[in-house]
Amino acid sequence: MLASRRLHLNTKARVSSRRVVAISPRAALTDSMVQKPLVVVGSVNADLVLPIERLPRPGETLAAASIETVPGGKGANQAAAAARAGYPTSFIGQFGRDDPNATLLRGALAGCGVDLSHAVDVDGPCGTALILLQAGGENSIIIVGGANQAAWQLSDSARQLLSGAGAVLLQREIPESVNLEVALLAKAAGVPVFLDAGGVEGPIAPALLACLDVLSPNETELARLTGLPTEGEEQVRAAAESLMAAGVRSVLVKLGADGSLLLPGAGSEPIRQLAIRAPEVVDTTGAGDCFTATYAVAVLEGQDAASALRFASAAGCLCVQRRGAMPSLPSRQEVEALLAAQ
Ligand SMILES: Nc1ncnc2c1ncn2[C@@H]1O[C@H](COP(=O)(O)OP(=O)(O)OP(=O)(O)O)[C@@H](O)[C@H]1O
């Protein structure tokens, strides 16, 4: 989360945004789907985290205080978040066959309860992110796509899983052609498609936009995707509406400590959810992944849009109070306890 991209909302906007409109986000998400798994197709990375005072200048060598390898990647984070939230979740992704980090990554996902039976091993390294964590909290990140960007071939069993899923959740850290293939397959089977806009920064192809039931950008991604300003709630809403005009069914904008804004669908009023106040913000890494995934879980469970937003906000609030991405994902019990305390 970039501090500079946060909205400055006026009081009027905040008050009016508290209005709750009970509406089912998607007619397709009926009770009969509750037991069908959420299938996350996406990236998995080994995050190499190096705390440093500042970035080295060209030709300069600096010492890092430590190096830590932690599981990450938007696909893996989102799969882990959904599973931790108590929903049956499968992950379709690619691990580097000869990369020792693959064991760590598989173990972390399995430990969160994610079904990995449709994940595959490919030649080469795992996706890897070198995270230069500077004093003051700023991150500079270099990504090696590795297995995430290698050739993908969806197996027949993976296709079957996707066709019978409760919903499919995508991000933008694997080839966009794979996202399109999966989205088309899901759409043909009547399976709702969620896309978190995080990852590659380019435009989304119209054919992919037309498959999306839920597109979830943060306001920076929203501005880049639409070419429109997103400096205040009205601008965010207008930019989100332009995505709906391009064929997306609903848009869920993440606004960091300012909460979120959902445009549930044509003819339905936007729903503004304020963030649940975190007593201490330790690390916002992964909050967006946690939010999108837990929103998908709540929708799959049949919660109405306003309840689903509150559920995801509680999960996001808990996530920012702990360090790391995957290690900070809250359990179902923690989310429910926080909601009960509101
Ligand atoms: N400081 C905070 N306090 C409480 N809740 C927060 C805070 N930051 C984020 N959240 C919750 O998490 C949600 C997602 O966070 P955010 O908007 O930062 O996503 P993001 O920009 O995609 O994050 P990232 O890229 O860091 O994963 C917010 O909509 C909010 O509900």
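Helix α7 is largely enclosed by the rest of the structure, because six of its eight residues are buried. Buried here means under 20% relative accessible area, exposed means over 50%, and partly exposed lies in between, with a 1.4 Å probe and protein chains only. The buried ones are E219, T220, E221, L222, L225 and T226. Helices are DSSP runs of H or I with at least four residues, strands are runs of E with at least two, and both are numbered from the N terminus.

Before I go on, the basis. This is a predicted model, in which local features need pLDDT of at least 70, side-chain atom pairs count only at pLDDT 80 or more, and totals for chains, interfaces and linings use all residues. Residues are numbered from 1 along each chain as its sequence is written, and side-chain values use heavy atoms, with hydrogens and water left out.

Back to α7. What covers its buried residues? The cover includes the strands β9 (167-172), β10 (193-199), β11 and β12 (250-254), together with helix α8 (233-245). Contact, here and below, means heavy atoms within 4.5 Å.

N218 is in the loop between β11 (214-216) and α7 (219-226). N218 counts as buried, because its relative accessibility is 15%. Its side chain reaches two backbone nitrogens: that of T220 at 3.0 Å and that of E221 at 2.8 Å. For T220, the atom of N218 involved is a side-chain oxygen, at the start of α7. A polar contact is a pair of N or O atoms within 3.5 Å; within protein, one must be able to donate a hydrogen and the other to accept it, and residues adjacent in sequence count only if both atoms are side-chain atoms. After α7 comes G227, with a positive phi near 70°. One distance for orientation: N218 and Q78 are 140 residues apart in sequence and 15 Å apart in space, C-alpha to C-alpha.

Next, the sheet. It is open, with four strands in the order β3-β2-β7-β8 and mixed pairing. Two strands pair if DSSP finds at least two bridges between them. Which strands stand at the edges? They are β3 (68-72) and β8 (139-144), each with a single partner strand, so one side of each has no neighbour in the sheet. From one strand to the next, the twist averages 25°. Axes are lines fitted to C-alpha atoms, for helices over the stretch in contact, and angles run from 0 to 180 degrees between N-to-C directions.

Within the sheet, β2 (residues 45-52) and β7 (residues 127-134) run parallel and are joined by eight bridges. P51 stands opposite L133 in β7. Helix α3 (residues 101-111) lies across β2 and β3, at about 50° to β3.

Then the annotated positions. An unreviewed UniProt entry places a "binding site" feature at D283, T285, C319, R322, G324 and S328. These positions span 46 residues in sequence, yet no two of their C-alpha atoms are more than 9.3 Å apart, so they gather at one spot. UniProt positions follow the numbering used here, feature names are shortened, and annotations may be inferred rather than shown by experiment.

D283 is in the loop between β14 (271-273) and α9 (287-300), and T285 is in the loop between β14 and α9 as well. Are they buried or exposed? D283 counts as buried because its relative accessibility is 18%, while T285, at 33%, counts as partly exposed. Their side chains are joined by a polar contact of 2.6 Å. Leaving aside neighbours within four places in sequence, D283 is in contact with C319, V320, R322, R323 and G324. With residues up to four places away not counted, T285 touches N139, C319, G324, A325 and S328.

A76 counts as buried at 0% relative accessibility, and N77 is buried at 6%. Beyond four places in sequence, the contacts of N77 include D289 and M326, and those of A76 include F91 and M326.

Last, a helix pair. The axes of α9 and α10 (residues 305-319) come within 8 Å and cross at roughly 150°. Among the residues that meet there are F291 and Y295 in α9, and L309 and F311 in α10.
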